[in-house]
Amino acid sequence: MSRLISLVKREFKITARNHYLFIILSIALILVAVIRFVVPAEMDFDTTLFLTSTSEVETVLDSTNYQAITEDSNYLQTREEVIAAMLDNNNSMGVALTVLNDKPHLELIIQGFENEQVINLAIASIQYYLGNIPLSNNYYINTLHEGTSIAEIPANLSVVPLPIMLESAMMGLFLIAVMLTLEKDHRTIKAYVITPGRVYELLFAKVITMLFYAFLSASVIVGLTLGFRGNWLQMLILVGTTSIWSSCLGLMIANLCKSLTSAMMPLIIVSLVLAAPVMSYFAPMFAPSYLRMLPTYSLMLGLREALFIESSSTLFYQALNYSALLVLVFGAGMMLSGRYALKGS
Amino acid sequence: MIKVKNLSHSYTKDDNFAVKNISFEVPKGEIFGFLGPSGAGKSTTQNILIKLLPLQKGKVFIDNENIAKTSKELFNRVGVSFEHPNIYKKLTGVENLEFHASMYNVPTEDPLALLEMVGLGQAANQRAEGYSKGMLQRLVFARSMINKPRIWFLDEPTSGLDPGTAAIIKEIIQEKKRNGTTIFLTTHNMQIADELCDRVAFINEGEINLIDSPRNLKLQYGEKFVKITQRDDASVIERRFSLLDKADKAQLKEIIERNEFETMHSQEATLEEIFIKVTGRRLT
Ligand SMILES: Nc1ncnc2c1ncn2[C@@H]1O[C@H](COP(=O)(O)OP(=O)(O)OP(=O)(O)O)[C@@H](O)[C@H]1O
Ligand SMILES: [Mg+2]
């Protein structure tokens, strides 16, 4: 135990003197600045709008407006077809027009992930389409995926889960692999191996160090954007487990590679794959199954739920299960590759 | 003590042996020199003994423990000084030693006292990235003593040091020996080996050709050289002839008969020359 403490202490000294703390805090602050000042509070998520209407609608609309609607490239015959189309394209909403009390009645069908701005924008554009004539009562909103709607979050703050996801999954991966391959390049690892210290103690110390940095960076980003909104405990649990598996993965790669240069390529490829779910965040619900299988995808949804949706925890638990599984898998991989790799040459 | 029996090692796991069936024993308190040219298999042997390389074939006992079976606790009794200065450059000299000391489960030396001993007292609190090559080497040397090892592996401990510092290092090594430390010293430097070692092994192409004390070797091979100086116009040339070598002897005879020399001395063979005689190879 005291050896592990010494090892962690040494990691902190060395990483601090290599300006890790400075780099990590700078990145966190830059991300905070981007979220607060660069990302527009209202973002236009170029969404497809599928339309359908009953034939009665013709009687309550201007004929040119009615024609415009039925000739729209996204016009479909029935409400069922609209829903089917929406299920195929997560980045879409649906509009079904009927007549109620001699006035057009609008039913807006949404995926459930859209935020207030996007919905208001869609309604406004439909009203414009209909020639701004008065609608029957109110419109009616139907949600395809219940329980996932995001509370009223400005668009810029709604991206907060992204930097958290990227930092916890990738910063650890890279920095820890650099820490270990540098030890190999400088052969300090040999000086360690000829002490009673165990290889796993050295690896654990590095994982613990990265865990601290991951918590620090996530706390800075969330604290300076959302403040104490959301479920911090859940957020930190996800950040922690993610940081652990990504550190283990980084160490595994470093164990299997002879030097920093040879480790670079696999690291970059793995990071690109892990970062891919970002696409589905920006093109809302562009989520082909290969993206949904990635741990960072479930992490992203889990973080979003932890930070923005108080009422449910399904996605949090899904993300937690996934990252817990990866902690076991990559943890074992790290131990095995460590035993094998740190002995040779 | 160190005991090695029929040790072989092949990096390629075939018949291409870097170390071939070597055996030797180093009793407690002895300084054992492991001498050989580059590529002879010195580092390979040492790395197997300190478990940096897997034991493929043969038996190795360190401090009475079979290294194939022992745990990492054995390293509490072992010290290793590397030729390559593998130091945490971002830590100071003292921090490097303190960290290393904290890895052991046995009483350790005071880091500052060790640094003073090797002449790094002044630089103790300076980060190692600012150290010169010789300073780094002394730091590695000091680090290898931190756990008061009973078995001490030294790889080229004095190479690249100025004579004054080298003398201090040699004095420390001799002091440790007097305290009963068993020392395995790897070197190219025959003079160091001659001064320090109780016995030396000549290793060449993975095989040990001979093991004996420098004194015995010199008794056996020494007093058999003749050094003459010749004047060639303005310059003086020094030549040495072995009295064991037929061609040398014939040549020497001719020179004497023709009186083509200025001075003539019989000379003790150096370990280097003995090495060349035994292995047919130069050391460097
Ligand atoms: N990691 C390795 N992989 C493959 N072959 C190796 C490796 N290390 C050493 N060898 C080979 O094994 C042989 C013995 O090398 P070794 O390093 O033990 O020599 P050495 O006596 O220590 O030389 P030096 O005085 O230069 O340090 C050489 O032929 C060398 O090329
Ligand atoms: Mg060597």
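A residue counts as buried under 20% relative accessible area, as exposed over 50%, and as partly exposed in between. N6(B), at 39% relative accessibility, is therefore partly exposed. This is a predicted model. N6(B) belongs to strand 1 of chain B, residues 2–9. Its phi is near 50°, a positive value in a residue other than glycine.

K148(B) is another non-glycine residue with positive phi, here near 45°. K148(B) sits in the loop between helix 4 and strand 7 of chain B. Its relative accessibility is 42%, so K148(B) also counts as partly exposed. Setting aside neighbours within four places in sequence, K148(B) contacts P107(B), T108(B) and E109(B).

## Chain A overall

Chain A has 345 residues, and 54% of them are buried. Its secondary structure comprises 16 helices and 4 strands.

Take the contacts in chain A between residues at least 6 apart in sequence. Of these, 79% join residues at least 24 apart.

## Helix 10 against helix 11

Two packed helices are described by the angle between their axes and the distance between the axes. In chain A, helix 10 spans residues 199–225 and helix 11 spans residues 232–256. They pack at an angle of about 140°, and their axes are 9 Å apart. Helix 10 of chain A and helix 11 of chain A are therefore oblique to each other. The crossing of helix 10 of chain A with helix 11 of chain A is right-handed.

On the helix 10 side, the contact is made by L203(A), K206(A), V207(A), M210(A), L211(A), A214(A), F215(A), A218(A), S219(A), V222(A) and G223(A). On the helix 11 side, it is made by W232(A), M235(A), L236(A), V239(A), G240(A), S243(A), I244(A), S247(A), L251(A) and N255(A). By type, the residues of this contact are 14 nonpolar, 6 polar and 1 charged. An α-helix has 3.6 residues a turn, so residues three or four places apart point the same way.

## Helix 1 against helix 10

Helix 10 of chain A also packs with helix 1 of chain A, residues 2–17. The angle is about 55° and the axes are 9 Å apart. Helix 1 of chain A and helix 10 of chain A are therefore oblique to each other. This crossing is right-handed.

Helix 1 of chain A contributes R3(A), L4(A), L7(A), V8(A), R10(A), E11(A), F12(A), T15(A) and A16(A). They meet E201(A), L202(A), F204(A), A205(A), K206(A), I208(A), T209(A), F212(A) and Y213(A) of helix 10 of chain A. The residues of this contact divide into 11 nonpolar, 2 polar and 5 charged. K206(A) is listed in the contact with helix 1 of chain A and in the contact with helix 11 of chain A.

S271(A) lies in helix 12 of chain A, residues 260–275. Its relative accessible area is 5%, so S271(A) is buried. Not counting residues up to four places away in sequence, S271(A) touches M170(A), L173(A) and F174(A).

## Helix 4 of chain B

Helix 4 of chain B, residues 133–143, is mostly covered. Of its 11 residues, 10 are buried. They are G134(B), M135(B), L136(B), Q137(B), R138(B), L139(B), V140(B), F141(B), A142(B) and R143(B).

Which elements cover these buried residues of helix 4 of chain B? The cover includes helix 9 (188–193) of chain A. From chain B, it includes strand 6 (78–81), helix 2 (93–101), helix 3 (111–117), strand 7 (151–155) and helix 5 (163–178).

## A buried glycine in a loop

G41(B) occupies the loop between strand 3 (31–35) and helix 1 (42–49) of chain B. Is G41(B) buried or exposed? With a relative accessible area of 7%, G41(B) is buried.

G41(B) and V19(B) are 22 residues apart along the chain, and their C-alpha atoms are separated by 5.7 Å. Beyond its neighbours within four places in sequence, G41(B) is in contact with A18(B), V19(B), F34(B) and I203(B).

How values were computed. Residues are numbered from 1 along each chain as its sequence is written. Chains are lettered from A and ligands numbered from 1 in the order in which they are written. This is a predicted model: local features need pLDDT of at least 70, side-chain atom pairs count only at pLDDT 80 or more; totals for chains, interfaces and linings use all residues. Side-chain values use heavy atoms; hydrogens and water are left out. Axes are lines fitted to C-alpha atoms, for helices over the stretch in contact, and angles run from 0 to 180 degrees between N-to-C directions. Helices (H or I, at least four residues) and strands (E, at least two) are DSSP runs, numbered from the N terminus. Angles under 35 degrees count as roughly parallel, over 145 as roughly antiparallel, 65 to 115 as roughly perpendicular and the rest as oblique. A crossing is left-handed if the near helix is turned anticlockwise from the far one by less than a right angle, and right-handed if clockwise. Contact means heavy atoms within 4.5 Å. Ala, Val, Leu, Ile, Met, Phe, Trp, Tyr, Cys and Pro count as nonpolar, Asp, Glu, Lys and Arg as charged, and the others, Gly among them, as polar. Buried means under 20% relative accessible area, exposed over 50%, partly exposed in between (1.4 Å probe, protein chains only).
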